[in-house]
Amino acid sequence: MRTQVGIVGGGPAGLLLARLLGLAGIETAVLERRTPEYLRARVRAGLLEQGTVDLLAEAGVGERLARERLIHEGVELAFDGGRHRIDLKGLTGRVVTIYGQAEIQKDLMDAHAATGTNVVYEAEDVSLHGLTGDAPRLRYHKGGSSHEIACDFIAGCDGFHGVSRQAIPQEVIRIYERVYPFGWLGILSDTRPVNHELIYANSERGFALCTMRSMTRSRYYLQVPADEDVADWPDARFWTELKRRIPADAAAALQTGPSIEKSVAPLRSFVAEPMRYGRLFLAGDAAHIVPPTGAKGLNLAAADVRFLAAALVAHYSGGDTDLMDGYSARCLQRVWKAQRFSWWMTGLTHRFPEASAFERRAQAAELAYLASSKAAQMTLAENYVGLPL
Ligand code: APR
Ligand code: PHB
């Protein structure tokens, strides 16, 4: 078969791109390795910048989000026994939205099902061909037979472990990477959130984050060694440890309950440059990973998709290739700012096992500076709510 834009990966990046292109009358086919049930159940972060919310609305998948989202005007940092609120709205005039990324995945899948987008689930052995010519192709297996899709362009939206980035020759692509010596152990529980806003806590026992999905569903994270086994963390141990890491008044107010999901995620900073090779464009986690501190992953993916959709629409509506030619550089400008911020906020809030006494004191001083300086708070706030597009 033939389509205009072949999309590898049906996560938030791939499906959002397919929506924006579909609305502009551009034909797509999406190849996704997993089943719809798997994708709908996958638990991810839950914090959206206003730019992401606006783009989802533009893509026609903003209705449930507008109804169910929680708006947060501030965020708390906890350290040294104290709580310090950063007034996001007062400092920047902007707010952030809490809405589970799993819900975005469902909204996108439902929208595509309704319009009949060609989304192939359980597509196996996807491979990319002819990227440097003018007739790229995607091949895959499904149900025991092999298929080929001829397209004009390919969007590699298949996440960090996908095949698209691997299809770029090693001598062309440059990798920048930092792996952190810890991961996040996360649980989801149907309990009332401990606070109406998020709390990022730096404690002697390690970092903890109190976040939420709704007023009746909480999400909590603990910094743990990168190779930690979830089996070693029965719920009771998790709650006890969380209480020791968050401020005493929050610990006293914490409602505990059975977990409905529990997993460990490693922390990594990663960028692959450039984000284009011939007729292949990478977007989202396929090109970059940020540590979750600050929740920039999906927001960055959405910004890539916005730029990529604009570039493809410009091409199809007038043959103008300027936006396609500038795609990688335009994305990477934003990607690196978000990389810097996520790395910095991770450094500010976590306990690094290898940190020297000097580094620990410098971290404490930076937290104290943040608590007392409006300029420092502004720096955090403007990055946290999302830099201008
Ligand atoms: N063939 C087809 N599909 C693949 C392949 C492959 N070889 N490899 C991976 N995929 C699919 C995955 O199953 C997944 O559904 O590509 C999709 C990639 O989705 P994500 O990993 O969610 O990446 P992305 O869409 O870029 O999401 C960006 O959204 O939810 C957040 O935290 C997440 O930061 C991430 C952000
Ligand atoms: C989440 O709600 O899961 C979340 C929020 C903020 C973060 C990371 C994760 O920085």
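Pro-274 sits in the loop that links strand E17 (259-273) to E18, where helices (H or I, at least four residues) and strands (E, at least two) are DSSP runs numbered from the N terminus. The peptide bond leading from Glu-273 into Pro-274 is cis, its omega being near -10°. For context, most peptide bonds are trans, and most residues other than glycine have a negative phi.

A word on the ground rules. The model is a predicted one, in which local features need pLDDT of at least 70 and side-chain atom pairs count only at pLDDT 80 or more, while totals for chains, interfaces and linings use all residues. Residues are numbered from 1 along each chain as its sequence is written, chains are lettered from A and ligands numbered from 1 in the order in which they are written, and side-chain values use heavy atoms, with hydrogens and water left out.

Now to the sheet. Six strands make up an open sheet with mixed pairing, in the order E8-E2-E1-E12-E19-E18; two strands pair if DSSP finds at least two bridges between them. At the edges stand strand E8 (118-120) and strand E18 (276-277), each with a single partner strand, so one side of each has no neighbour in the sheet. E8 pairs with strand E2 (residues 28-31) in the parallel sense, over three bridges, and Leu-31 is found opposite Val-120 in E8. On the next step along, strand E1 (residues 5-8) runs parallel to E2 and is joined to E2 by four bridges, with Val-8 opposite Leu-31. To get from E1 to E2 the chain passes through helix H1 (residues 12-23), a right-handed β-α-β crossover; right-handed here means that, with the strands pointing away from the viewer, the path from the first strand over the helix to the second runs clockwise. Within E2, Thr-28 and Val-30 point one way and Ala-29 and Leu-31 the other, and all are buried (under 20% relative accessible area; exposed is over 50% and partly exposed in between, with a 1.4 Å probe and protein chains only).

The structure also has three cavities of 30 Å³ or more. A cavity is a set of points, on a 1 Å grid over the protein atoms alone, where a 1.4 Å probe fits but cannot get out, and lining residues have an atom within 4 Å of a point. Points are joined across faces, edges and corners, and volume is the space filled by probe spheres set on them. The largest cavity holds about 110 Å³. It is lined by 13 residues, and those closest to its centre are Ala-45, Gly-46, Leu-209, Tyr-221 and Ala-295. Strand E15 (residues 206-214) gives the largest share of this lining, three residues. At least three lining residues come from each of domain 1 (5-73 + 95-177 + 268-345) and domain 2 (180-267 + 353-384), with bounds taken from an automatic or database domain assignment.

Ala-295 turns up again for its backbone: its phi is near 55°, a positive value in a residue other than glycine. This residue lies in the loop between strand E20 (288-289) and helix H9 (297-318), and Ala-295 counts as buried at 11% relative accessibility. Asp-125, in strand E9 (residues 124-129), likewise has a positive phi, near 50°, but Asp-125 counts as exposed at 54% relative accessibility.

Technical notes: On a 1 Å grid over the protein atoms alone, a cavity is a set of points where a 1.4 Å probe fits but cannot get out, and a pocket is an open set with protein on both sides within 12 Å along at least five of seven lines; lining residues have an atom within 4 Å of a point.
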